[in-house]
Amino acid sequence: MSGRRTVYEIYWEILVYCKTPRSFSAIISRCDLNSKLGQEYLEFLVSREYLTIIRDGERTSYQSTPKAAEYVALFSSLYQKLFDSTPGFRL
Amino acid sequence: MKPALSQFQKEIRHFSLVASMNLIIGVIAIAAGILYIIAAILGLTASLVNPELRVIAGAIALISLGLGVSVLHVTLRISRGVRTIRKKLEREAPAVTDDRITCLIVQMIAYYRDTRQMLGTIILIGPLCGLCVFVLGIVTGFEAMSLTSTGFSLTLNNRVTILAQVFTLAIVVSSLLSSHYFTKFAMAWNHRIAEIEASECALKEKLGLDDQ
């Protein structure tokens, strides 16, 4: 996904994508991030225990924790509520 | 089907209709501009009442051509991303998951943030484009024009011209309508972006960023 996104939208995207373990390169490619920013976001989410690091030999992957589900649910409800609370566009 | 999904789908569909209408207006403006220029080159505009009017009509034809190209270009750019989201929605609905709906909403919001300025441009140049076609139709339809100290009178040449002017009037009305709907679309999404900004506090709190 590209375009102008807020940091919360990027966090949400990473957390949803990492519901199954994902490598760093897969995450930055999917979320359209550069490696420096991607590293920053992942470090933040790991530090807040929303992501966990899985090490399998030389391979490192990231997976969302149960704590992340709360953020994902809150985010989804806020964004879907936009279509209930605001006057929509119609012809 | 979830209410958010059905509303989202409806909005995207309606937006596509308005964008299509705008594309048609752009194409007609280009065609009108080119046709007048070709007619002027071939000397078919000599029937116009006076040379000044020919110059004015030529200028309007050029503006119409330029605005038509801009309308076409900007509308195509705006609708490209929306069309992609629409295709995804059509392909995946109604079995789309909750996360996927949110993903498409986020995509649309991100896309709207990117194209907001272009939408502002199209809201402005769309009616101008329609107006140019209309004025070009009027100017080329003059058979006689007189300006005296007591008043101003003009004669349109025949029924076909009057029909053509009704057509150009329909174009100007359509361009005003499409501009009105683009404004409504922009207002709805601006409102949503404002709501997102207001709800960021909750997300910030959830992430434990409220103390920073």
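Trainee: Which helix of chain B does Gly137(B) lie in?

Mentor: Helix H3 of chain B. Keep in mind that this is a predicted model.

Trainee: Is Gly137(B) buried or exposed?

Mentor: Buried. The cut-off is 20 or more other C-beta atoms within 10 Å, and Gly137(B) has 21 C-beta neighbours inside 10 Å, so it counts as buried.

Trainee: What is Gly137(B) in contact with, leaving aside neighbours within four places in sequence?

Mentor: Ala164(B), Gln165(B) and Thr168(B). As for Ile162(B), it sits 25 residues away along the chain, with a C-alpha separation of 9.2 Å from Gly137(B).

Trainee: New topic. How do the axes of H1(B) and H3(B) cross?

Mentor: At roughly 30°, coming within 9 Å. Angles under 35 degrees count as roughly parallel, so H1(B) is roughly parallel to H3(B). The crossing is left-handed.

Trainee: Which residues meet there?

Mentor: From H1(B), they include Phe8(B), Ile25(B) and Tyr36(B). Among those in H3(B) are Ile105(B), Cys129(B) and Leu136(B). By class, the contact has 15 nonpolar, five polar and no charged residues.

Trainee: And how many residues of chain B are in contact with chain A?

Mentor: 34, against 27 residues of chain A. H1, H3 and H4 of chain B each supply at least two residues to that side of chain B.

Trainee: Which helix gives the largest share?

Mentor: H4(B), with twelve residues.

Trainee: What about the classes on that side of chain B?

Mentor: 16 nonpolar, seven polar and eleven charged residues.

Technical notes
Residues numbered from 1 in each chain as written. Chains lettered and ligands numbered in written order. Predicted model: local features only at pLDDT ≥ 70, side-chain atom pairs only at ≥ 80, totals over all residues. Axes fitted to C-alpha atoms, helices over the stretch in contact; angles between N-to-C directions. Helix = DSSP H or I, 4+ residues; strand = E, 2+ residues; numbered from the N terminus. Parallel < 35°, antiparallel > 145°, perpendicular 65-115°, else oblique. Left-handed = near helix turned anticlockwise from the far one by under 90°. Contact = placed C-beta atoms within 7 Å. Nonpolar A, V, L, I, M, F, W, Y, C, P; charged D, E, K, R; others polar. Buried ≥ 20, exposed ≤ 12 C-beta atoms within 10 Å, placed from the backbone.
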